[in-house]
Amino acid sequence: MRHRSLLILTAVLTTGALTLTACGSRDDSKSSGGDGGNQTVVIGLDAPLTGDLSALGLGIKNSADLAVKTANKEKTVPGVTFKLEALDDQAQPSVGQQNAVKLIGTKEVLGVVGPLNSGVAQSMQKPLNDAKLTQVSPANTGTELTQGNNWKTGDKKRPFASYFRTATTDQIQGAFAAKYLFETAKIKDVYLIDDQKPYGAGLAASFKATFTELGGKIVGTDHVNPEDRDFNSVATKVKSSKAKAVYYGGEYPAGAPLSQQIKDSVKIPFMGGDGMYSADFISLNKKAEGDIATSVGKPVEELESAKKFIADYKTAGYKDAYEAYGGGTYDATWSIIEAVKIVAAENDGKIPAEDGRAKVLAAMDKVKFEGVTGPVSFDEFGDTTNTLMTAYQVTGGKWVSKVSGTVE
Amino acid sequence: MNELPQQLANGLILGAMYGLIAIGYTMVYGIIQLINFAHGEIFMIGGFGALTVYLGLPSGFSLIAAIPLMIVGGVIAAVAISMAAERFAYRPLRGGPRLAPLITAIGLSLALQQAVWMWYPNATKDRSFPQFEGEAFDILGATIQRGDVFVLIVAPLCMLALGFFVSKTRAGRGMQATSQDPDTAKLMGINTDRIIVMAFAIGAAFAAVAAVAYGLKNGQIGFRMGFIMGLKAFTAAVLGGIGNIYGAMLGGIVLGVAEALATGYMSEVPGMELFGGGAWKDVWAFALLIIVLLVRPQGLLGERVADRA
């Protein structure tokens, strides 16, 4: 009797384990499209497709998928069929690195889109660079990713030649946020909180630099654990600091309860960066009204150049919204497609099997096109030349854009 | 402004929640010496059970009236999963090496997380949980949120009920006997298998109540919420003396208050500026655990330890 139930248990567990393993790869098969191409180029994608940040990650995946399908439909590169291979990094650097290695191992992969998190990007840069595999992130804003660890002292040095991004840097984002809070919202006393991750801490640091330079005062600082959901002790400290606003370097899963618990004790606006600019921030935070977030670029809804993207995304019938990085992801994916097109043009319509990756990487500097978010091209660090930022405020339960602009 | 009453209240509320979860660890450990690492997930499933009930109610149903139903829903879900886990994952391994059920518990914890992630609608990200509308209460210089009142009322009631059950009822005394000496208890005619199932069920029910409190307090639940809360509750159980139900609650409160005070004041201690704040509170909570265990290895209220753990 006992043995039999053990047997059943083992069978159930094994089946369960197999189902779980299978679900990691269930999305791979359906993303190809079109035919007639005699050469297949795979574009890898790495983003958190599960977990807290999956809302943003799925938007990234769908937008890349849309770019790939559009390129196949319009035969952007004659003779080449693009295929997307989407991998889930669960927002964890170690998983991101495994995915990078996996993509390097697939010969047909000529470019990688992603990841979402700057921390994950750090772990992917080196292996991809060693393999001369082009990587374009639509969302990483960590300044050191393109300008080296010493960018703060003005010593800018590009650490990895294979890394590009369509998002601008936290240096610009933090400065833009500080200017918005100080000059537009006229708030002089701010409590600064970050989640100690590369993205959050970097953003908070650049905010602080510009805000104090403008003459604002940081009345207190704290760090939180992004896995936590109880922040009442921090809220109590914010209240007694008499701050007029809170700036948070971090993402919405912890940002939403943090904002709500701070407003439980004192009613001041809560501001963050693009990691907070998500519809989920509002659905998880019953006191989000009046909160502010900055995000890269301009809202795609307001851009003439994005009309087609929005319409196509709707027609394609994706289950999840394109979220904050949809437009940037489409452009990131398209920049790889453009690079492949340049290489094909230089080699009689064929992608050389030997050094295809190196050729695509070399072509990235020549990429220049009108994308969803505006003109797309990369500077000598691999950063986007488009440094437009927008501040949004929660008004009537929705993010409403307030000011767009740039610093410097 | 004097923060102390507020920080103590924050700690007390958090600690009461830890205590409710810790009951599950301590009862199961007290009887079969198993550290049930899947208990954090039982807590999480209780939260999803309660949310399911709430979503199934007609709109316009008042939250006060819904809460008893949500608790029932959460308790049913948590107890059912917990009893199934005991029957199919732990009982077949009873009598085997001590490590086997421990590893099973860790595996079960991952499997339950993934199961909720995969099969509960939209559970791949945090789901929002209903919360009370209206202003907070001011009591003795501390602001208490409406949602937090729930745990402050329910936790003592649960403890009283459990204390009565364990010391006064026949089944409760059977439980004490089994924990002291399972073999002799069996010879005396106690159905130890039933007692063990009961311990799992009571622990799961308390965890479900804690999950409702967690949802009301934070306004969201997610498939990973059981990991950190479970770890903290386990710490609370050890701190209070594992195997002792009152110790679990005391350990929870001590842990919660220690965390709140570390967040609030550690950065004001000279030379400690770098080690204060929300991110370091876990470090201080565990430092406290180590100190208590050095001085009192059996925990705050623990009695015996030599033949256990």
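## A hairpin at the sheet edge

Strand β13 (residues 389–395) of chain A runs antiparallel to β14(A), and seven bridges join the two. The model described here is predicted. Within this pair, A:Val394 has A:Trp399 of β14(A) as its bridge partner. Two residues lie between the strands of the hairpin that β13(A) and β14(A) form, and in this hairpin A:Gly396 has a positive phi near 60 degrees.

As a general point, the strands of a sheet are held in pairs by backbone hydrogen bonds, and a pair can be parallel or antiparallel.

The pairing of β6 (residues 189–194) with β7 (residues 217–223) of chain A is parallel and has six bridges. A:Met271 stands opposite A:Ile292 of β10(A).

The loop between β6 and α7 of chain A contains A:Gln196. Phi of A:Gln196 is near 70 degrees, which is a positive value in a residue that is not glycine. In general, most residues other than glycine have a negative phi, and most peptide bonds are trans.

## The five-stranded sheet of chain A

Chain A also has an open sheet of five strands, in the order β2-β1-β3-β4-β5, with parallel pairing. β2 (80–88) and β5 (163–165) of chain A are the edge strands; each has a single partner strand, so one side of each has no neighbour in the sheet. The twist from one strand to the next averages 25 degrees. Helix α13 (residues 356–363) of chain A packs on this sheet, where it touches β3 and β4 (134–137) of chain A, and its direction makes about 45 degrees with that of β3(A).

Inside the sheet, strand β1 (residues 39–47) and strand β3 (residues 109–113) of chain A pair in the parallel sense over four bridges. The bridge partner of A:Val42 in β3(A) is A:Val109. A:Pro115 is located in the loop between β3 and α4 (118–130) of chain A. The peptide bond joining A:Gly114 to A:Pro115 is cis, with omega about 0 degrees.

## Helix pairs in chain B

In chain B, how do α10(B) and α11(B) cross? Their axes come within 8 Å and cross at roughly 135 degrees, with α11 covering residues 281–295. Angles over 145 degrees count as roughly antiparallel and those from 65 to 115 as roughly perpendicular, and α10(B) and α11(B) are therefore oblique to each other. The crossing is right-handed. From α10(B) the contact takes B:Leu255, B:Ala258, B:Glu259, B:Ala262 and B:Thr263, and from α11(B) it takes B:Lys281, B:Trp284, B:Ala285 and B:Leu288. By class, six residues of this contact are nonpolar, one is polar and two are charged.

A second pair consists of helix α6 (residues 170–180) and helix α8 (residues 192–218) of chain B, whose axes come within 10 Å and cross at roughly 100 degrees. α6(B) and α8(B) are therefore roughly perpendicular to each other. The residues in contact are B:Ala171, B:Gly174, B:Met175 and B:Thr178 of α6(B), and B:Thr192, B:Ile195, B:Met198 and B:Ala199 of α8(B). This contact has five nonpolar and three polar residues, and no charged residues.

## Where the chains meet

How many residues does each chain give to the contact between chain A and chain B? Chain B gives 34 residues and chain A gives 37 residues. On the side of chain B that touches chain A, at least two residues come from each of α1 (4–32), α3 (63–90), α4 (99–119), α9 (225–240) and α10 (245–265) of chain B. By class, this side of chain B has 13 nonpolar, 17 polar and four charged residues.

Definitions and conventions
Residues are numbered from 1 along each chain as its sequence is written. Chains are lettered from A and ligands numbered from 1 in the order in which they are written. This is a predicted model: local features need pLDDT of at least 70, side-chain atom pairs count only at pLDDT 80 or more; totals for chains, interfaces and linings use all residues. Two residues are in contact if their C-beta atoms, placed from the backbone, lie within 7 Å. Ala, Val, Leu, Ile, Met, Phe, Trp, Tyr, Cys and Pro count as nonpolar, Asp, Glu, Lys and Arg as charged, and the others, Gly among them, as polar. Two strands pair if DSSP finds at least two bridges between them. Axes are lines fitted to C-alpha atoms, for helices over the stretch in contact, and angles run from 0 to 180 degrees between N-to-C directions. Angles under 35 degrees count as roughly parallel, over 145 as roughly antiparallel, 65 to 115 as roughly perpendicular and the rest as oblique. A crossing is left-handed if the near helix is turned anticlockwise from the far one by less than a right angle, and right-handed if clockwise.
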